[in-house]
Amino acid sequence: MAVERTLVIVKPDAVKKNAIGDIVRILQENDLKLLAIKMVHLSKEQAKKFYIVHKDRPFYDELTDFMSSGPCVPMVFEGEDAIARVREIIGATDPAKAAEGTIRKKYGTDVGRNAVHASDSHESAAYEIPFFFNALEIHE
Ligand code: CDP
Ligand code: MG
């Protein structure tokens, strides 16, 4: 195990549900340290760039429409084994299949509107963190 950083986004559906505070609290209570946070309204082009790994998937257009439909809240969390642990805390991609007590179970609506994003690997974290934050915006 190692100390890792991961990128989490409170997606537009969860911002509308007033769930920002609860999602931050849940992650902090799991020994994850909040290093960076902002609220941004992505353009369609920015959403397409963020999700470029999914460019050939059938849901790419719908996903990037949704992610540019309103403000979202990207954040950087740091902790032991943070990438895998945050994925567990948020739950399965489809909220209907997410385990009891997970963020997506609590706040997700359906597979498209599933409340949160979290980096799924070191490689994706290395792309996603600097997508939103420069060095001055990440507080050690
Ligand atoms: O977000 P996660 O890593 O759990 O899932 P993904 O497979 O990387 O897909 C990225 C996002 O695309 C998901 O969070 C969903 O919002 C959306 N998606 C969708 O709308 N329909 C699918 N069949 C799969 C994913
Ligand atoms: Mg993913």
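Colleague: Let us take buried as under 20% relative accessible area, exposed as over 50% and partly exposed as in between (1.4 Å probe, protein chains only). How much of the protein do buried residues make up?

Modeller: Buried residues account for 46% of the 140 residues. This is a predicted model, in which local features need pLDDT of at least 70 and side-chain atom pairs pLDDT 80 or more, while totals for chains, interfaces and linings use all residues. Residues are numbered from 1 along each chain as written, chains are lettered from A and ligands numbered from 1 in written order, and side-chain values use heavy atoms, without hydrogens or water.

Colleague: How many helices and strands are there?

Modeller: The protein has seven helices and four strands, taken as DSSP runs numbered from the N terminus (helices H or I, at least four residues; strands E, at least two). Along the sequence they follow the pattern β-α-α-β-α-α-β-α-α-β-α. The C-alpha trace spans about 35 × 35 × 25 Å along its principal axes.

Colleague: In what order do the strands form the sheet?

Modeller: The order is S2-S3-S1-S4, in an open sheet with antiparallel pairing; two strands pair if DSSP finds at least two bridges between them. Strands S2 (33–37) and S4 (116–118) stand at the edges with a single partner strand each, so one side of each has no neighbour in the sheet.

Colleague: And which residue is the bridge partner of Leu34 in S3?

Modeller: Leu34 has Phe77 as its bridge partner there. S2 and S3 (residues 73–80) are joined over four bridges, in the antiparallel sense.

Colleague: Which strands does helix H2 touch?

Modeller: Helix H2 (residues 20–29) packs on the sheet and touches S1 (3–10), S2, S3 and S4. Helix H5 (residues 82–90) also packs on the sheet, with S1, S3 and S4 as the strands it touches. Contact here means heavy atoms within 4.5 Å.

Colleague: Which residues are buried in H4?

Modeller: In H4 (residues 60–67), Tyr60, Leu63, Thr64, Phe66 and Met67 are buried. These buried residues pack against S1, H1 (12–16) and H3 (44–50).

Colleague: Now the loop between H5 and H6. Is Thr102 buried or exposed?

Modeller: Thr102 lies in that loop and is buried, its relative accessible area being 7%. Apart from residues up to four places away in sequence, Thr102 touches Glu88, Ile89, Ile90 and Gly91.

Colleague: What is Ala98 in contact with?

Modeller: Ala98, in the loop between H5 and H6, contacts Gly91, Ala92, Arg104 and Lys105, leaving aside neighbours within four places in sequence. Ala98 counts as buried, at 5% relative accessibility.

Colleague: One last point: what share of contacts join residues at least 24 apart?

Modeller: The share is 76%, among contacts between residues at least 6 apart in sequence.

Technical notes:
Axes fitted to C-alpha atoms, helices over the stretch in contact; angles between N-to-C directions.
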